[in-house]
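Reader: Hi! Could you walk me through this protein model in plain words?

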Amino acid sequence: MYYSRAWRTTLRFLCNLLFPALGNKIFASSTSSLMKSLLQLDEFPDAGRSVCTLWRDAYTNLCTTEHYKLPQIPCLLYTSESIGDRAMGLYSLAEKKSYTLNLPDPPIRSREIIGSSHGWIITADEMSELQLVNPITGDQIELPSVTTIRQVEPIFDDSGALCKYEYLRYAADEWLSDERSTTLDLGKLRDWLFDKAFLSSDPSTGDYFVVLIHHPESQLSFARAGDDEWTWLPPHTLYEDCRFHGGLFDDVIADITADMINPTTTAFGEIHEFDLSAPLVLRKVLLDKVKISVSNRIYIVEAPSGELLQIERSCAEEEYEYECDSDLELSEVPKKTTTIKIYKVELTSENPVVEVNTLGENVLFIGRNQSLCLCAKEYPQLKPNHAYVTDDDYLSVTNFKDCRRDIGEFDLENKRNKEIVSPQLWYGPTLQPLCG
């Protein structure tokens, strides 16, 4: 069958850029010849939507099958003034090359990205409302209104129009200060409220959960597909990362379902579990506190071998190399990753958390995205025992938006951080992995 150049371009584009983010659910060897002959895509910035109906049908079918598995590498997303307000850059780590994706309104440069999972990003617009966006197909799903989050109350003007939000300083069933609330402009709330967001599965299947880590005090709320409001999970705080169940603990805990956040980790290294499908969502503590300080960030991933890992990331201020359009002191500028520690978690062991000195053949992706651990043998363009890091420090991302970001390729053996993209892509809050 003859395929037009636009169709071949679209197919090649989607195979290389969409599928890295779909948990390795991609075309088998029948498409390999097309995948090996990369076409130049710069003149086709909207290639992903030139065969919209046909592709979306194929895409939906592929999302529901496990027959097509070919390892692909996560890409980095960024926005830039040079590509316009409605476009997003996608940087291929494998090709060391950028592509341009045009996205639906509201303009992507007016939004903040608070997460990426399963090939979709979670964005907060200038009204502080949340959307799921597929940067390849352009599909967009509105999430429940931010006013249904427990810590947010709408404020209306005399004409009945929404004009501001009241942000409630309420967490763990108690008020956190005598000043119980703060009045915020519509676009300012997102900087105070949102930390990270996670998806349980590909939204194109129509069956998914969205989990928010939000402030004050890094609490959890979630929404199912089709929900009209967010469900709050009190009274717990200081959550750092979460992952959805992948069968790891079937031999330890009975009746685990795919609707669980399994597990969720806190700043103290605790691991909690929630069954989001239950009528009453309860917390189960799988691991109690294992550290005292909350200064370092904690991530949780499942290694390709099935082992559960906790990742501890330490940062320090850059002494010389920083650029920022601000008069702030050096001690207040964003920090740079200096140390990453790996801990193996065995919940049934007398010593459930043990530090290991290497990832071996594995590689990490950590940041404001679904944390990911891959086998470098299946991804020859990636370096084993390395971590690809992007900036997810809440204060840095929200308060230093014009500053250089903490992004790099971290060598776990030598404890060195290396640039992976040109410096001009290091600025702004949106550069992060697009991964499954």
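Author: Happy to; we can go through confidence, cores, strands and some backbone details.

Author: This is a predicted model, in which local features need pLDDT of at least 70 and side-chain atom pairs count only at pLDDT 80 or more, while totals for chains, interfaces and linings use all residues. Residues are numbered from 1 along each chain as its sequence is written, and side-chain values use heavy atoms, leaving out hydrogens and water.

Reader: What is the mean pLDDT of the chain?

Author: The mean is 75, and 70% of the residues reach 70 or more. pLDDT is the predictor's confidence in each residue, from 0 to 100. Over residues 246–259 the pLDDT is below 50, and this stretch has 29 contacts in the model beyond near neighbours in sequence. A contact means heavy atoms within 4.5 Å. Residues 426–432 also have pLDDT below 50, with 38 contacts beyond near neighbours in sequence.

Reader: Okay, new topic. How many residues does the largest nonpolar core have?

Author: That core has 24 residues, and Leu130 and Phe194 have the most contacts inside it. A nonpolar core is a set of buried Ala, Val, Leu, Ile, Met, Phe, Trp, Tyr and Cys residues joined through side-chain atoms within 4.5 Å. Buried means under 20% relative accessible area, exposed over 50%, and partly exposed in between (1.4 Å probe, protein chains only).

Reader: And which elements supply at least two residues each?

Author: Among them are strand 5 (120–124), strand 6 (130–133), helix 4 (189–193) and strand 13 (194–199). Helices (H or I, at least four residues) and strands (E, at least two) are DSSP runs, numbered from the N terminus.

Reader: What is Leu130 in contact with?

Author: Leaving aside neighbours within four places in sequence, the contacts of Leu130 include Ile114, Ile122, Phe194, Leu212 and Trp230. Apart from this core lies another, of 15 residues, with Ile311, Ile340, Leu359 and Phe410 among them.

Reader: Let's switch to strands. Which residues of strand 1 are buried?

Author: In strand 1 (residues 75–78), Cys75 and Leu77 are buried on one side, and Leu76 and Tyr78 are buried on the other. In a regular strand the side chains alternate between the two faces of the sheet. Strand 1 runs antiparallel to strand 2 (residues 87–92), joined by 4 bridges, and Tyr78 stands opposite Gly89.

Reader: In what order do the strands of the open sheet come?

Author: The order is 8-9-12, with antiparallel pairing of the 3 strands. Two strands pair if DSSP finds at least two bridges between them. Strand 8 (152–156) and strand 12 (181–185) are the edge strands, each pairing on one side only. Strand 8 and strand 9 are joined by 5 bridges, and Ile155 stands opposite Lys164 in strand 9.

Reader: Last one: where are the cis peptide bonds?

Author: One joins Asp105 and Pro106, with omega about 0°; Pro106 is in the loop between strand 3 (97–102) and strand 4 (112–117). Another joins Pro234 and Pro235, also with omega about 0°. Most residues other than glycine have a negative phi, and most peptide bonds are trans.

Reader: Which residues have a positive phi although they are not glycine?

Author: Ser218 has a phi of about 55° and Leu238 has a phi of about 65°. Ser218 counts as buried, at 10% relative accessibility, whereas Leu238 is partly exposed, at 25% relative accessible area. Leu238 lies in the loop between strand 16 and strand 17, and Pro235 is found in that loop too.
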